[in-house]
Amino acid sequence: MSVRTKTVALATAALLGAGAIGIALAPAANAAPYHGIDGGGVVTDDWQDEEDLGVDDYADSNATALWQTVLYADGAQWQDDDGDWHKFKKGQIDGSFGPETESATQWWQEHYHLSDNDGVVTDDSWTFAQRWLSGPSSGSVVRYAGDARPVDFKRVSGKYRVRIKGTGNWKNAYYDQRG
């Protein structure tokens, strides 16, 4: 093999190798940014800039499960079609923002005298709720001191985690994922 052929072969191999590395790195470079409940620094300012949640906004998400955990902690109630009131129970923390979560959110907003009491979680609701956060303590635990009971979340690397009904595992509180 001539020197020229060896040089071309080596150059071709190097380019193919670089191309393979470029392909391998491309997905990581294009990975979607985290879209969930953020936290860093002092916990009492974690939630004031979060997205709206409601039947039309991130209705099926782990972020909704986090909000449902707040409702459960504060002893929220929801009203059924017959006008009867029911406690929001731990078993309802499923990440689905349906009529029961909407009604419980409206109850919660009225109970705490918030100006927005339409059942949609907005900046007012997030900002009010974050006042009752403390931590993080060992294991990255952040406690929400609810009126009915305290509940715990985890905050790891600036991302909130929540337990979802039926899984028992900690899940990132994504806006666009459930379960």
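This is a predicted model: local features need pLDDT of at least 70, side-chain atom pairs count only at pLDDT 80 or more; totals for chains, interfaces and linings use all residues.
Residues are numbered from 1 along each chain as its sequence is written. Local features need pLDDT of at least 70, side-chain atom pairs count only at pLDDT 80 or more, and totals for chains, interfaces and linings use all residues, while side-chain values use heavy atoms, with hydrogens and water left out.

The largest nonpolar core has 37 residues; such a core is a set of buried Ala, Val, Leu, Ile, Met, Phe, Trp, Tyr and Cys residues joined through side-chain atoms within 4.5 Å. Buried means under 20% relative accessible area, exposed over 50% and partly exposed in between (1.4 Å probe, protein chains only). Trp 47, Trp 67, Trp 108, Tyr 144 and Tyr 160 touch the most other members of this core. At least two residues each come from helix 2, helix 3, helix 4, strand 4, strand 5 (150–156) and strand 6 (159–163), and helix 2 gives the largest share, eight residues. Helices (H or I, at least four residues) and strands (E, at least two) are DSSP runs, numbered from the N terminus.

Helix 2 and helix 3 pack at about 55 degrees, with their axes 10 Å apart. The axes are lines fitted to C-alpha atoms, for helices over the stretch in contact, and angles run from 0 to 180 degrees between N-to-C directions. Helix 2 is therefore oblique to helix 3, as angles under 35 degrees count as roughly parallel, over 145 as roughly antiparallel, 65 to 115 as roughly perpendicular and the rest as oblique. In contact terms (heavy atoms within 4.5 Å), Trp 67, Gln 68, Val 70 and Leu 71 of helix 2 meet Thr 101, Ala 104, Thr 105 and Trp 108 of helix 3.

Strand 3 contains Pro 136, which a cis peptide bond joins to Gly 135, with omega about 0 degrees. In the loop between strand 3 and strand 4 lies Ser 140, a residue with a positive phi of about 65 degrees although it is not a glycine. Ser 140 is partly exposed, at 27% relative accessibility. Ser 157, in the loop between strand 5 and strand 6, has a positive phi near 50 degrees and is exposed at 71%.
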